[in-house]
Every structure is written in C-alpha cells, then in structure tokens.
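Keep the viewer open as you read.

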Amino acid sequence: MALFAILPTAVFGQGDDVYQLIFSDEFNQEDGSRPDSKKWAVSTRRTATWNRWISASPDVAFIRDGALVCRAIPNPDTSTDNVPMITGAMETRNLFSFTYGKVEVRLKTIRHRGNFPAAWMMPHPPCDGWPNAGEIDIFETIDNENVAYHTIHTKWSYTMGNKNNPKSSFNEWMDVENWHVYGLIWEKDLLIWTVDGNEMGRYAKSSDEYALANGQWPFTAPFYLILNQSVGNGSWAANADTDFTYETMFDYIRVYQKKTSGIENFKADDSIASTNRIYDLQGRKMLHDALQKGFYINNGKKFIVK
C-alpha cells in the first residue's frame with residue numbers, strides 16, 4: 001500500500017526569500033544498492049576529461065552508509081573495455097531539471113594526485129552547444145589540494161576570454177576531506193556560491209548590451225544536476241594515478257525554489273484546485289491507483305508517496 005505524507009516544510013529567509021524543497025535525495029537506500037533510477041541515470045561516456053572513462057559498473061556508483069559513493073578505480077577488465085580506469089558519474093538529465101532556485105550538496109572527497117570530483121549543473125537539451133548554453137560548477141577540487149572551486153563557463157567568459165568581466169571563478173581553502181555543504185543560489189540576474197551557508201562569490205548578469213549579445217548570461221533555461229568522480233589528464237588536474245582508488249561521497253543533494261515561483265504557485269491547468277486530481281512535478285495528471293514513489297501535487301500542495 002502506498003503511504004502518503006505531507007513533506008516537512010523546508011524554508012529559508014523571510015517574505016519573498018522563503019524557499020521550499022522541490023527535489024532531494026538523501027541517499028538512504030540499502031548499502032550496495034544503486035542510486036534511485038527515478039532520479040538518476042549514468043552519465044554518457046564521451047571524450048572530455050571528466051567523462052572519458054565513465055562506466056555503468058555498480059562498482060563506481062553505489063550507496064554506502066547513507067551516501068552516494070562515486071569512484072574512479074583501476075579497470076578490472078580491460079579485455080572488454082580498453083581504458084585504464086572506470087569512473088562513476090550520475091545525472092538527472094531527462095529526470096529532473098529546474099530554472100532558478102537554491103542547491104545544496106553535502107560531500108567530501110579523498111585528496112590524491114589526479115583527483116577531479118565535481119557537483120555541477122548543465123543546461124537541459126535542447127540547447128546551444130558548450131559553452132554557449134552555460135555551465136555552473138557548484139564544487140570542484142583537484143589533486144592533493146585543500147581548495148574548493150566554484151565556476152561558470154559561457155561564450156562570454158570562456159570563448160571570448162572575459163573571465164574577469166565579471167569575475168567568473170572563485171576558490172578558497174577548504175578541508176575537502178571533511179563534510180561541507182556546497183551551495184548555489186540562482187536568481188534571474190545573479191549566481192551566489194556558498195560553503196556551509198557562507199557566501200564565497202557571486203556572478204551577476206551584465207547591463208552591457210554587447211556582453212549580453214555575446215552570451216554573458218545564458219542562465220535563463222532549465223539546468224540538470226551532475227555528481228561525479230573523475231580524474232585528471234594533466235591539463236588542470238594532474239594525470240590520473242591508475243593504480244589508485246579515488247572516492248567522493250555525496251551525503252545529500254537538495255533543491256529549493258522560492259515559494260513565490262515554486263510549489264505554492266504550481267498549476268498544471270485550471271482544474272488543479274480539484275482535490276481529487278494529482279499531478280507530478282512536470283504538471284502531468286496522474287491516476288490515484290498508479291502512483292509510484294516520488295513527489296506529487298494535490299490542490300496546490302506537495303506530498304510524497306513512500
């Protein structure tokens with residue numbers, strides 16, 4: 001039998017700055033299990049540094065002690081997959097994306113030469129190619145460093161070289177081997193990065209028409225989430241130690257939106273007020289007897305089926 005429960009209210013700030021939870025994963029499944037397939041899919045292997053050795057193996061992305069563990073490990077079978085390591089990367093593409101809000105992810109990693117983990121966001125397709133549609137890096141670190149990096153990439157900052165007009169990357173000393181909460185506040189004209197609730201940097205939409213015409217602010221469309229453990233190739237992070245097991249643990253990830261633009265004002269159509277109608281977070285009407293585990297809307301209120 002499905003269990004219905006109203007979600008506990010999660011709010012921050014006052015008035016128009018109050019946020020409400022719209023997506024979360026606490027990764028509290030059974031040890032050794034895979035991440036929830038209704039929320040996460042394995043990222044696709046391609047040719048970029050971060051995704052060149054991605055694998056669907058359960059050995060590189062699994063649940064342990066209430067956290068998602070992503071790893072980069074020596075490849076146990078090069079006869080069927082001719083790469084020196086396999087790496088774990090999970091994403092919400094085609095499952096969850098959002099525009100504007102607040103993201104918080106609690107994580108820790110293991111420092112080692114070639115380490116290159118990240119919690120970040122990419123524009124949901126269809127969209128322009130990289131970097132024109134933008135990229136938002138909530139957290140990255142490399143190698144043996146105790147440094148956390150927070151960066152955006154756009155046509156304006158990357159292709160045209162305007163990395164300091166305005167400043168598009170921030171970093172600070174951080175004990176990355178201990179748990180910290182890395183956050184992003186995404187407004188219509190501003191990005192703010194936080195660590196443990198403290199602001200670390202901000203990137204604002206320009207008022208210059210030339211900059212805007214050349215892609216300074218592409219952050220107006222839905223983005224999806226990526227959590228991954230990759231390894232360097234010498235271009236930024238050092239070359240991978242292919243005999244080492246890299247590991248990053250993600251304790252939780254949570255996404256909030258302001259109540260004025262989020263759940264309280266959610267409408268699938270004019271009939272949403274009917275108390276016997278249920279919708280998913282994409283606005284699709286659901287049958288009462290066909291609800292799977294997840295979040296839904298009934299009469300303008302959010303609830304969960306467990």
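This is a predicted model: local features need pLDDT of at least 70, side-chain atom pairs count only at pLDDT 80 or more; totals for chains, interfaces and linings use all residues.

The space inside the second largest pocket comes to about 1,100 Å³.

Which elements supply at least two residues each to this lining? They are strand S8 (115-123), strand S9 (135-140), strand S10 (147-153), helix H1 (155-159), strand S11 (169-173) and strand S15 (223-231). S8 is the one that gives the most, contributing five residues to the lining of the second largest pocket. By residue class, that lining holds 18 nonpolar, 19 polar and nine charged residues.

His153 sits in strand S10. Is His153 buried or exposed? Its relative accessible area is 18%, and burial means under 20%, so His153 counts as buried. Setting aside residues up to four places away in sequence, His153 touches Trp130, Pro131, Gly134, Glu135, Asp137 and Tyr158.

In soluble globular proteins, nonpolar side chains tend to be buried together. Here, the largest nonpolar core has 41 residues, and Met121, Tyr182 and Leu191 have the most contacts inside it. A second, separate core of ten residues includes Trp53, Ala72, Ile86 and Tyr246. If you select Met121, you can pick out its contacts beyond four places in sequence, among them Phe98, Val103, Ile136, Leu184, Trp186 and Phe223.

Glu104 is found in strand S7 (residues 101-109). Glu104 has 15% relative accessibility, so Glu104 counts as buried. Leaving aside neighbours within four places in sequence, its contacts are Val181, Tyr182, Gly183, Tyr252, Ile253, Arg254 and Tyr256. Tyr182 in that list is also among the residues with the most contacts inside the largest nonpolar core.

Finally, zoom out to the whole protein. Its secondary structure consists of two helices and 20 strands. Of the 306 residues, 51% are buried. Among contacts between residues at least 6 apart in sequence, 67% join residues at least 24 apart. The accessible surface comes to about 14,500 Å², with 48% of it belonging to carbon and sulfur atoms.

Methods. Residues are numbered from 1 along each chain as its sequence is written. Side-chain values use heavy atoms; hydrogens and water are left out. On a 1 Å grid over the protein atoms alone, a cavity is a set of points where a 1.4 Å probe fits but cannot get out, and a pocket is an open set with protein on both sides within 12 Å along at least five of seven lines; lining residues have an atom within 4 Å of a point. Grid points are joined across faces, edges and corners, and a volume is the space filled by probe spheres set on the points. Helices (H or I, at least four residues) and strands (E, at least two) are DSSP runs, numbered from the N terminus. Ala, Val, Leu, Ile, Met, Phe, Trp, Tyr, Cys and Pro count as nonpolar, Asp, Glu, Lys and Arg as charged, and the others, Gly among them, as polar. Buried means under 20% relative accessible area, exposed over 50%, partly exposed in between (1.4 Å probe, protein chains only). Contact means heavy atoms within 4.5 Å. A nonpolar core is a set of buried Ala, Val, Leu, Ile, Met, Phe, Trp, Tyr and Cys residues joined through side-chain atoms within 4.5 Å. Accessible areas come from the Shrake-Rupley method with a 1.4 Å probe; for residues, only the protein chains shown count as cover.
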